Amino acid sequence: MEKERKIAVLPGDGVGPEIVEEGVKVLKQAGEQFGYRFHLHFGWIGGCAIDRLKQPLPQETLRICMDADAILLGAVGGPRWDRNPPEHRPEKALLSLRKELELFANLRPAKRFPGLENSSSLRAEVLKGVDLLVVRELTGGIYFGAKFTEETPQGLQATDTLVYREDEVERILRRAFELARGRRNRVTSVDKANVLESSRLWRRVAERVAREYPDVELEHMLVDNCAMQMIRRPASFDVIVTENMFGDILSDEAAILTGSIGMLPSASLGGGNRGLYEPVHGSAPDIAGEGVANPAAVILSVAMMFRHSFDDEEAARAIEASVTQVLNSGARTMDVAAVGDLALSTDQFGDRVVEELKKHPREPRVPVEAMM
Ligand code: IPM
Ligand code: MG
């Protein structure tokens with residue numbers, strides 16, 4: 001029996017459409033091999049939605065997302081909309097989608113891929129064995145607190161508020177501990193407890209949750225120190241759990257460990273199986289439309305979709321292994337190619353991944369007789 005799944009596909013702006021096309025190629029191939037029937041629903045989001053429908057997250061897009069089992073997103077934003085007021089910026093769409101769907105847990109794995117050791121600005125020996133997961137809180141903190149600008153006698157004054165409730169902290173920590181159990185059983189909880197009240201609450205909750213996971217080791221680390229240790233001894237980290245803005249910053253730093261931000265996938269999850277899958281990189285307007293963007297991050301995000309929304313580790317691993325094999329063969333997009341390498345275009349890279357994927361065994365089909 002084929003498994004039916006509804007997927008919202010939101011290509012967005014800049015390189016979004018061209019990389020998502022490769023993600024969809026891989027999604028369809030994996031679906032065929034692993035026994036799925038996918039229903040894809042395309043929607044506008046970000047700048048292109050502002051241009052067409054005057055809103056970054058149109059009602060219809062939100063509706064297809066609410067109705068979907070999983071969402072595949074490219075990227076939003078670009079210089080064209082940079083001067084728009086906050087409610088009419090492309091980024092607003094992402095923030096609203098995360099909030100509306102209560103996708104509070106953002107998973108950003110950063111792993112060393114073979115052959116990319118020399119594409120990072122860090123020395124290959126520092127990067128040996130890097131395999132970490134940033135678990136970023138995604139629906140709270142300074143991103144969502146009250147913000148306003150007011151006149152004062154000394155001039156304009158702007159306020160952003162960083163608020164965390166205990167239950168919000170608890171659920172993200174719990175998720176981090178659970179994830180650590182499937183990995184190397186280590187959680188680094190990152191905060192700024194020497195200065196911030198919200199971080200002191202975070203630390204207390206972390207201590208309390210940790211007692212329920214005696215098999216997982218918890219360490220606390222201040223965010224400034226963490227930023228340093230991540231490039232000093234990155235291989236020593238397993239799961240890094242942190243609040244929204246620290247996670248935003250640290251996950252870009254983690255991208256350097258993989259060689260290119262074009263390699264970093266992400267999953268944003270809530271309480272159920274529905275998830276939003278997107279590359280960590282942005283819309284890269286400078287290279288949009290040229291067919292040179294690296295589609296690996298979105299393809300690896302599709303792998304995460306199989307793992308977290310469809311609970312299908314086998315398909316997820318097959319996609320990840322296919323990306324690794326393509327890289328192993330020396331095939332590269334421009335961002336990770338060495339000088340003198342022949343760089344593949346976005347769709348050539350996607351095609352190569354599909355070819356590799358086809359070599360993975362199909363799920364054994366139940367013979368018709370056996371079903372009667
Ligand atoms: C990210 C991005 C977003 C964020 C922006 C585009 C709003 O940087 O997903 O990391 O800050 O969360
Ligand atoms: Mg970011």
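How far from an oxygen atom of ligand 1 does a polar side-chain atom of Asp248 lie? The distance is 2.9 Å.

Some conventions come before the points. This is a predicted model, in which local features need pLDDT of at least 70 and side-chain atom pairs count only at pLDDT 80 or more, while totals for chains, interfaces and linings use all residues. Residues are numbered from 1 along each chain as its sequence is written, chains are lettered from A and ligands numbered from 1 in the order in which they are written, and side-chain values use heavy atoms, with hydrogens and water left out.

1. Six names make up the shell: Glu91, Arg98, Arg108, Arg136, Tyr143 and Asp248. Each has a heavy atom within 4 Å of the ligand. By class, five are charged, one is nonpolar and none is polar. Here Asp, Glu, Lys and Arg count as charged; Ala, Val, Leu, Ile, Met, Phe, Trp, Tyr, Cys and Pro as nonpolar; the others, Gly among them, as polar.

2. Ligand 1, contacts. An N or O atom in the side chain of Arg98 is 2.8 Å from an oxygen atom of the ligand. For Arg136, a polar side-chain atom also lies 2.8 Å from a ligand oxygen. The protein covers 76% of the 320 Å² of accessible area that ligand 1 has on its own. Accessible areas come from the Shrake-Rupley method with a 1.4 Å probe; for residues, only the protein chains shown count as cover.

3. Largest pocket. Its volume is about 820 Å³. The lining has 29 residues, and closest to the centre are Leu179, Arg183, Met304, Arg307 and His308. Two or more lining residues come from each of strand 4, strand 5 (131-137), helix 6 (166-181), strand 11, helix 10 and helix 11. Helices (H or I, at least four residues) and strands (E, at least two) are DSSP runs, numbered from the N terminus. The lining splits into eleven nonpolar, eight polar and ten charged residues.

4. How space is defined. On a 1 Å grid over the protein atoms alone, a cavity is a set of points where a 1.4 Å probe fits but cannot get out. A pocket is an open set with protein on both sides within 12 Å along at least five of seven lines, and lining residues have an atom within 4 Å of a point. Grid points are joined across faces, edges and corners, and a volume is the space filled by probe spheres set on the points.

5. Cavity. The structure holds one cavity of 30 Å³ or more. The largest cavity has a volume of about 30 Å³. Its lining is Tyr164, Val190, Asp191, Ser198, Ser199, Trp202 and Glu243. Helix 7 gives the most, with three residues. Strand 8 (186-191) and helix 7 (197-210) each supply at least two. Three lining residues are nonpolar, two polar and two charged.

6. Ser268. This residue sits in strand 11 (residues 265-269). Ser268 counts as buried (under 20% relative accessible area), because its value is 0%. Its side chain joins that of Asn106 in a polar contact of 3.2 Å. Such a contact is a pair of N or O atoms within 3.5 Å; within protein, one must be able to donate a hydrogen and the other to accept it, and residues adjacent in sequence count only if both atoms are side-chain atoms.

7. Positive phi. Glu102, not a glycine, has a phi of about 50 degrees. Glu102 lies in the loop between helix 4 (90-100) and strand 4 (105-111). Asp311 has a positive phi near 55 degrees. Asp311 is in the loop between helix 10 (296-308) and helix 11 (313-328). At 70% relative accessibility, Asp311 is exposed, the cut-off being over 50%.

Technical notes. Buried < 20%, exposed > 50% of the residue type's maximum accessible area, 1.4 Å probe, protein only.
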